[in-house]
Amino acid sequence: MKTQHHAHAHAPAHRRKAAIRGWTLAVAAMAGLAPALPAAAQTLAAKSRAPVTVNFVNADIEAVTRAFAAMIERAILVDPRVKGTITVYSEQPQSVRDAWQSYQSALRGLGFAVVDSGGLLKVVPESDAKLQTSTVSVGEVAVRGDQVITQIFSLRYENPNNLVAVLRPLISANNTINANPGNNALVITDYADNLQRIAKIIAALDVPSGTDVEIVTLQHAVAADLAPLVQKLSDGAGGAAVPGAPAGGGSATVVADTRSNSLIIRAGNAARLASLRATIARLDRPSTLIGPSGGMWVVHLKNADAARLASVVRAAFGAISSPGASAGGVGASAAVGMAVAVGIPGAGQPAGGAALSGAAQPSTGGFIQADPATNSLVITAPEPLYRQVRALIDQLDTRRAQVYIESMIVEVSGDNSADFGFQWQGLLGKAGDKLGLVAGTNFATSASPSIIDINTNAAKGSINLGSGLNLGLLQSINGVVSLGAIAQALQSVANTNIVSTPNLVTLDNEEAKIVVGQNVPFITGQFTSTGTATTSPFQTIERKDVGITLRIKPQIGEGGAIRMQLFQEQSSVLATTAAGTSNAGPSTAKRSIEGTVTVDDGQILVLGGLIEDNVSVSQSKVPLLGDIPWLGQLFRSESRERKRTNLMVFLRPIVMRDADSSARFSQDRYEQIRSQQQLLAPAANPLLPIDGAPLLPLLPPKKVSDPSLATPPATPADATTPAAPTR
């Protein structure tokens with residue numbers, strides 16, 4: 001264990017222990033592993049500063065651990081699962097610190113580790129070291145050697161989840177690494193020496209992802225025109241990119257600020273930033289289309305309608321201009337152009353419900369011309385005016401959100417009716433009498449005919465006692481069997497539950513209309529011309545839509561509130577026509593709602609409805625006789641009916657602000673209809689060879705450029721799809 005280990009092998013035990021004790025205290029004090037020593041020990045340490053040479057070959061782990069515990073003057077507990085032999089030796093003399101590190105390395109090679117648990121050193125299996133260590137440090141790794149500790153690294157720039165994938169292969173299999181996105185930190189449990197290496201890797205990776213934001217003010221070009229071109233050149237500068245990997249040299253961002261005619265740029269490194277500045281400087285040159293009277297520019301619109309936008313811009317700049325204005329103004333020509341209302345409904349453009357036609361002719365007049373064929377604007381103006389116009393166009397040429405509107409018409413109605421009556425007919429007299437007496441009651445209800453009608457039909461060979469329970473008494477008159485008395489009882493219940501959901505999608509602040517129903521003819525006039533030989537009837541008919549009609553114009557406000565002007569109508573053709581109108585065509589039932597409401601995105605609002613409860617009682621009886629208690633039932637018939645109608649109309653709008661939300665919502669409805677088609681497909685039958693059914697094709701997988709969008713988010717509660725019907 002020390003230089004004179006073999007020489008003292010046969011010395012007395014008490015002398016050998018004292019020598020080892022004094023020597024280990026001295027070297028421990030030199031290595032800084034033991035607490036402050038008493039004066040006598042310090043004197044002994046000063047006398048014994050010689051390095052040690054350890055020589056344990058295939059020695060028992062527990063015995064070697066006790067020797068090193070005496071060396072460093074700290075208790076070391078050996079876990080019962082730690083068994084076997086260990087080899088720790090050095091050819092040259094070394095310090096106690098180096099010998100202690102050699103011992104830890106030897107334990108690590110055997111699958112064991114040293115941990116500090118509450119000030120007590122323990123030798124445990126490596127798999128349990130991460131659970132028993134109590135050494136936790138933040139910032140710089142202060143511990144050295146092969147001791148298992150827990151280190152917390154606080155990150156400044158990098159996402160901890162990104163570093164987990166990088167550092168996981170560098171950490172021992174039995175140890176752990178975890179990310180805490182809440183405070184942007186990494187928690188790693190591993191050997192101290194390995195944590196020092198990991199700390200250097202983290203320091204090298206935890207750097208800003210890009211340069212600071214820089215603003216480049218343009219002198220000649222327009223920021224809105226130059227930004228897409230510079231962005232495209234920057235994205236393609238790195239050459240062919242590896243799928244899923246970032247572009248070489250770091251990504252760059254270019255944003256146009258139309259207010260100051262500047263470009264806001266940011267790059268992944270200083271070299272890319274300098275390249276962007278050089279590219280912008282080469283492109284920021286005077287236009288070759290500028291002449292003595294100004295320049296000509298073509299602006300291709302992305303979302304807005306060219307004809308409408310041209311009239312809006314002409315009107316906006318014409319309102320602030322006057323004849324004889326300066327070169328920077330619009331001048332008289334713009335005032336003339338302002339009067340041309342191109343694209344405004346009612347001013348030469350077809351209405352929204354008109355049939356589609358070819359591209360409109362280019363608008364004329366003013367300093368802005370619209371080309372509907374290419375949806376572009378041609379601007380003829382001095383450069384200062386063009387910049388003002390272009391800034392206004394960029395603010396107006398934005399993608400408008402869409403609104404999905406689901407209107408739910410729920411009608412729950414019930415019809416209960418009950419009928420009870422007693423009818424009888426009798427002939428009083430004897431055979432051979434000249435005179436006889438006929439008496440009886442005769443009541444007819446909606447469910448049962450009268451007793452006279454029953455006997456009349458029975459004589460013709462047809463018997464119909466009506467609906468419900470019938471109890472009759474037969475009698476024979478002159479050999480003819482007829483019905484003498486009949487008691488009838490009937491109770492019926494009819495319930496109706498109807499849900500209609502007309503849906504439509506429209507742009508923000510654009511009116512939309514949907515009609516689901518029939519086109520029914522109504523007679524509006526008749527004329528008949530009678531001549532000498534022929535008759536010429538003439539009749540005029542007007543067709544009207546009967547069914548469900550929804551017309552709505554939404555306007556998206558701040559915070560997701562939607563203001564809607566709406567008209568909803570539900571009409572149907574009645575089975576029977578009103579009295580005296582048989583020649584006027586069919587009769588219709590109509591329910592309509594019209595108004596303006598405000599509702600939050602995805603919320604349900606009740607628009608209105610009808611709650612009706614109608615009870616009707618009808619009674620037919622013989623006067624006086626029908627009022628007799630109990631016995632009066634033989635002289636009367638009674639019918640009762642109760643109708644309940646609950647009709648409610650609900651509205652639920654859902655805002656779709658971008659293409660992804662529109663695609664997800666449309667795909668959800670697409671799959672819903674497709675699943676219902678699959679459920680309604682007929683089962684295979686060998687006797688019926690036709691077993692196919694129309695089925696929508698499968699949608700292709702959506703291609704996304706951003707990996708974070710590969711998995712679409714869950715459908716919000718406001719867009720929940722109704723469950724498909726089961727069979």
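User: Why is N509 called partly exposed?

Analyst: In this predicted model, N509 has a relative accessible area of 38%; buried means under 20% and exposed over 50%, with partly exposed in between (1.4 Å probe, protein chains only), so N509 counts as partly exposed. Residues are numbered from 1 along each chain as its sequence is written, and side-chain values use heavy atoms, with hydrogens and water left out. Because the model is predicted, local features need pLDDT of at least 70 and side-chain atom pairs count only at pLDDT 80 or more, whereas totals for chains, interfaces and linings use all residues.

User: Where is N509 found, and what is the value of its phi?

Analyst: N509 is found in the loop between β20 (503–507) and β21 (512–530), where strands are DSSP runs of E with at least two residues and helices are runs of H or I with at least four, numbered from the N terminus. The phi of N509 is near 65°, a positive value in a residue other than glycine. Most residues other than glycine have a negative phi. N375, in the loop between β14 (368–371) and β15 (376–381), also has a positive phi, near 50°.

User: Why is L437 called partly exposed?

Analyst: The relative accessible area of L437 is 49%, so L437 is classed as partly exposed. L437 lies in strand β17 (residues 437–441), and its C-alpha is 8.2 Å from that of G426, eleven residues apart in sequence.

User: Why is the pair of Y404 and F665 called tilted?

Analyst: Rings of Phe, Tyr and Trp (its six-membered ring) pair if their centres lie within 6.5 Å, and planes under 30 degrees apart count as stacked, over 60 as edge-to-face and the rest as tilted. The centres of Y404 and F665 are 4.5 Å apart and their planes stand at 55°, so the pair is tilted. This pair links distant parts of the chain, with Y404 in strand β16 (residues 402–428) and F665 in helix α14 (residues 659–680), 261 residues apart. Both Y404 and F665 are buried.

User: How many aromatic pairs does a search of the whole structure find, and what makes W100 and Y103 a tilted one?

Analyst: The search finds seven aromatic pairs. W100 and Y103 form a tilted pair, at 5.5 Å centre to centre with 35° between the planes. Both residues lie in helix α4 (residues 96–109), three residues apart, about one turn of the helix, and both are buried. Together with F56 and F68, they form one aromatic cluster.

User: What makes a set of residues a nonpolar core, and which residues have the most contacts inside the largest one?

Analyst: A nonpolar core is a set of buried Ala, Val, Leu, Ile, Met, Phe, Trp, Tyr and Cys residues joined through side-chain atoms within 4.5 Å. The largest has 25 residues, and those with the most contacts inside it are F68, I86, W100, Y103, L107 and V123. Helix α3 gives the most to this core, with seven residues. A second, separate core of 21 residues includes A224, A306, L309 and A370.

User: Why do β6 and β8 stand at the edges of their sheet?

Analyst: The open sheet of four strands has the order β6-β7-β9-β8, with mixed pairing, where two strands pair if DSSP finds at least two bridges between them. Strands β6 (136–138) and β8 (176–180) each have a single partner strand, so one side of each is left without a neighbour in the sheet. Five bridges join β8 to the antiparallel strand β9 (residues 185–191), and A179 stands opposite L186 in β9.
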